[in-house]
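Welcome to a short tour of one protein chain.

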Amino acid sequence: MIKKEKDVPCSAIFSPGRDNLLYKVTYNRDSIHLEVFHALTDGTGAFCFLADLVKAYLGLLHRIDGEDAGGAGTLEEQEEDSFSRYYSPVRTAVQIRKSSRAYQMKGRKVAQADMKIMEYTVSVKQLLQHSRACQVSITVYLTAVLLQALSRKMTEAQKKKPVVVMIPVNLRNYYPSKSMTNFFGWMEIEYRFHKKDSFEDILLHVKKRFSQELLLEQVAFRMNHYVRIEKNLLLKFIPLGIKNFFIRLGTGLGSGNVSAVFSNMSALRMPKSYEPYIRRFGVISSTDKLQMCACSYRDTFYFSITSKLEDVSVQEDIVSFLKAEGLDLAEVP
């Protein structure tokens, strides 16, 4: 059932003991909202579903002839477990970075159901021109900006630990998959800060790490590593309650290796006939740390920064730095 939005974004969807859907659709004035529990799908799957919702809505309202907005395959292809399909037991590479304890932001947190959310837009052309002048991609540029902003909260003692930003990687860019279920990996970009690090130093390091981590061999190595754990025959004989305990324990320990997350869904596209009726798309993620999400539609680049901490100095540092770089940021009301 589609309802008018009344909760804050990314409120709880899953209720223990209740047999309810893992997604919801709401609306508010001129916007359509889709919220999805991550166990159901990833950003690509969610956008394909949202694109079909928007297509259906505009078709009813403006009598636009139906066009394929999502580009999805057959039902069998959409439901495919692409992790199992492309898993290989052969080790393709050696791990570049060993996980280590990362810098963690501390401070008073907002209420359980709340989150600090800041949203901004900027011209794609302007941001692309700026990042190209730095000889990097937009994602590399913004990752460096995020690392720098996080470092400015650190004490000298805290700089003994690296700042680590986790970047989700869409595996459909590496394997021919049309799966609408989760099919993504990730990489971790770390930086150890010292007293005289310039933004150019950070930028060069991030550019180098991206070029290493985005090689197919490394992407496959990380994917195969986690699928190999899932396929371990011994795990099938361990009771579910014990498995869940160790999964929660592992998740908690793993989160200590990451300082923040940056997810860029890149350019989102809709058929030409729908473009005059759509202003922009946006993406927000629930987090217990600090997470930046981004996407672009035509010439509008959108990014959000979410956090459970009351202190928003890192977010403000990101915005003030980008403005100082000459980018015309506009806050989303």
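In this predicted model, the side chain of serine 304 has a polar atom 2.8 Å from the backbone oxygen of valine 283. That is a polar contact, meaning a pair of N or O atoms within 3.5 Å, where within protein one must be able to donate a hydrogen and the other to accept it, and residues adjacent in sequence count only if both atoms are side-chain atoms. Because it is a predicted model, local features need pLDDT of at least 70 and side-chain atom pairs count only at pLDDT 80 or more, while totals for chains, interfaces and linings use all residues. Residues are numbered from 1 along each chain as its sequence is written, and side-chain values use heavy atoms, with hydrogens and water left out.

**Serine 304 and its strand**

Serine 304 sits in strand β9; helices (H or I, at least four residues) and strands (E, at least two) are DSSP runs, numbered from the N terminus. Is this serine buried or exposed? Serine 304 counts as buried because its relative accessibility is 0%, where buried means under 20% relative accessible area, exposed over 50%, and partly exposed in between (1.4 Å probe, protein chains only). Its strand is mostly covered too, with 7 of the 8 residues of β9 buried. Leaving aside neighbours within four places in sequence, serine 304 is in contact (heavy atoms within 4.5 Å) with Met118, Glu119, Val283, Ile284, Gln291, Met292 and Cys293.

**The sheet around β9**

β9 belongs to an open sheet of 7 strands, in the order β6-β5-β7-β8-β9-β4-β10 and with mixed pairing. The edges are β6 (184-191) and β10 (330-331), each of which pairs on one side only. Helix α5 (residues 138-151) packs on this sheet and touches β5 (163-170), β6, β7 (260-267), β8 and β9. The direction of α5 makes about 160° with that of β7; axes are lines fitted to C-alpha atoms, for helices over the stretch in contact, and angles run from 0 to 180 degrees between N-to-C directions.

As a reminder, strands of a sheet pair through backbone hydrogen bonds, either parallel or antiparallel. Two strands are taken as paired here if DSSP finds at least two bridges between them. The table gathers some of the pairs.

| Strands | Bridges | Sense |
|---|---|---|
| β8 (residues 290-297) and β9 (residues 300-307) | 8 bridges | antiparallel |
| β4 (residues 116-123) and β9 | 8 bridges | antiparallel |
| β2 and β3 (residues 31-36) | 6 bridges | antiparallel |
| β1 (residues 3-4) and β2 (residues 23-28) | 2 bridges | parallel |

β8 and β9 form a hairpin with 2 residues between them, and arginine 298 in the turn has a positive phi of about 55°. Across from β9 on another side, tyrosine 120 stands opposite phenylalanine 303.

Threonine 26 links two of the pairings in the table: in β2 it is the bridge partner of lysine 3, and its own partner in β3 is histidine 33. The hairpin of β2 and β3 has 2 residues between the strands, and arginine 29 takes a positive phi near 50° there.

A pocket is found on a 1 Å grid over the protein atoms alone, as an open set of points with protein on both sides within 12 Å along at least five of seven lines; a cavity is a set where a 1.4 Å probe fits but cannot get out, and lining residues have an atom within 4 Å of a point. Grid points are joined across faces, edges and corners, and a volume is the space filled by probe spheres set on the points. Of the 20 lining residues, Met1, Lys3, Tyr23, Lys24 and Val25 are the closest to the centre of this pocket. The largest share of the lining, 4 residues, comes from β2.

The largest cavity has a volume of about 30 Å³, and Val90, Arg91, Thr92, Ala220, Phe221, Asn224 and Arg228 line it.

Serine 82 lies in helix α3 (residues 82-86) and is buried, with a relative accessible area of 0%. Its side chain makes a polar contact of 2.6 Å with the side chain of serine 177.

**The whole chain**

The chain has 9 helices and 10 strands, and buried residues make up 43% of its 333 residues.
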